[in-house]
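Subject: Handing over the two-chain model

Hi there,

Here is the structure I promised to pass on to you. Have a look at it first, and then read my notes below.

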Amino acid sequence: MKIVKVKKSTIPLSKRERKRYILFEILNAQVNEKDFYFGFWIELLSFFGSKGLAEINPKIVLFKENKVIIKCKRGKEMELIGGTALVDKIRNKKIILNPLLTSGTIRTLKEFAKI
Amino acid sequence: MIFMVDLVYTQPLKELLQIAVYFREPTIVLVNNEKDEKVAKLNTLIPCYLFTEKTTDSELNKFRGKLKAVLGGSIKANELAVKIKADFLISPSNTKQFFDLALAKKLAENNTTVVFMFEELMKLNSFERHLYWKNYLEVVNYCKLKKTKFVVASGSKDALHVRPKIVRLCLAQMLGYPKELANSSIEQGFK
């Protein structure tokens, strides 16, 4: 029997789900990416639950010099920013997550943060 | 002058000032005596007297004409806020509900702002947190109906628990308070 490889059809750009990128600044302590990822995820999961978090669909896109770019679904930025208020400790280091800018492209945020 | 309303408890000044300057938000400090009031005024912070249900009438008369906040959380305390026409009613309900439509109406008439202290939510475990959140969804609904001012404040005793304005606005919106009302409530003028 011959196996025929079927080429996966990609969703065109115009029909893909819209997303938003939010730039956060970590104040007060130096944390590494892994610790941040863990602390961030635990807090959001406990607050929103699996369903709520799936709807927001947050993803850490970039972590550099205590500045983080997080991706989420369009229209859910408010929930994400509100949820991050609950992140107060990472590895017993007290931190403040300060949202600086929301944008539709990573480039704008990179230019703003100079990273 | 117009200020962003963010209430915090009395705490070490140095850190609080650093945070307030960084966020460019002059915070309102809840004080209990004249000494704390003077310190706050000297450091460009806004003092506000905190009253509880145990406060006597003589104490209430003593601080007439100053910013007043009442710590709610019981029927008596909530009534006190209406009686003295306080500027702020802090945490009108907790894991139990003490807020209703009639109270919201009276507070709107007195131009009192209902304050949700964010740090109280952070301290709770996940079960209590859901009760707290559920009660505040109801509080916000009443505030929305009667157009009572509602604000989410940091309410912290530690400077590192102070949250910026945008986060507090988002939390108010998550509770169901309309964006325009949230904006107008958070920006208030004081003499």
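Let me start at one particular spot: directly after α1(A), A:Asn57 adopts a positive phi of about 55 degrees. Helices here are DSSP runs of H or I with at least four residues, strands are runs of E with at least two, and both are numbered from the N terminus. A:Asn57 sits in the loop between α1 (33–56) and β2 (59–64) of chain A, and the positive value occurs in a residue other than glycine. A:Asn57 counts as partly exposed because it has 13 C-beta neighbours inside 10 Å. For that term, a residue is buried if 20 or more other C-beta atoms lie within 10 Å of its own, exposed if 12 or fewer, and partly exposed in between, with C-beta atoms placed from the backbone.

Before going further, some housekeeping. This is a predicted model, in which local features need pLDDT of at least 70 and side-chain atom pairs count only at pLDDT 80 or more, while totals for chains, interfaces and linings use all residues. Residues are numbered from 1 along each chain as its sequence is written, and chains are lettered from A and ligands numbered from 1 in the order in which they are written.

What happens within α1(A) itself? The helix has a kink of about 105 degrees, centred on A:Gly49; the bend at a residue is the angle between axes fitted to the seven residues ending there and the seven starting there. Between its end C-alpha atoms α1(A) spans only 21 Å, whereas a straight helix of 24 residues would span 34 Å at 1.5 Å a residue. That expected span is 1.5 Å times one less than the number of residues. The buried residues of α1(A) include A:Phe36, A:Phe40 and A:Phe47. Among the elements covering the buried residues of α1(A) are β2, β3 (67–73), α2 and β4 (89–90) of chain A.

**Chain A as a whole**

Chain A has three helices and six strands, in the order β-α-β-β-α-β-β-β-α along the sequence. The C-alpha trace of chain A spans about 60 × 30 × 25 Å along its principal axes, and 27% of the 115 residues count as buried. Of the contacts in chain A between residues at least 6 apart in sequence, 70% join residues at least 24 apart; two residues are in contact if their C-beta atoms, placed from the backbone, lie within 7 Å.

**Where the chains meet**

How many residues does each chain bring to the contact? Chain B gives 13 residues and chain A gives 13 residues. On the side of chain B that touches chain A, α6 (118–123) and α8 (165–174) each supply at least two residues, and α8(B) provides the largest share, six residues.

Is α8(B) enclosed or open? Seven of its ten residues are buried, so α8(B) is largely enclosed by the rest of the structure. B:Leu169, B:Cys170 and B:Leu171 are among those buried residues. The buried residues of α8(B) pack against α2 (77–84) and β6 (96–103) of chain A, as well as α6, β8 (149–153) and α9 (179–186) of chain B. Just after α8(B), B:Gly176 has a positive phi of about 105 degrees.

The largest nonpolar core has 80 residues, and B:Val70 and B:Val115 have the most contacts inside it. Such a core is a set of buried Ala, Val, Leu, Ile, Met, Phe, Trp, Tyr and Cys residues joined through C-beta atoms within 7 Å. Helix α7 (residues 126–146) of chain B gives the most to this core, with six residues. Leaving aside neighbours within four places in sequence, B:Val115 contacts residues including B:Leu7, B:Phe88 and B:Val151.

Finally, B:Lys85 has a positive phi of about 55 degrees although it is not a glycine. B:Lys85 lies in the loop between α4 (75–83) and β6 (88–90) of chain B, and counts as partly exposed with 13 C-beta neighbours inside 10 Å.

Enjoy exploring!

Best wishes
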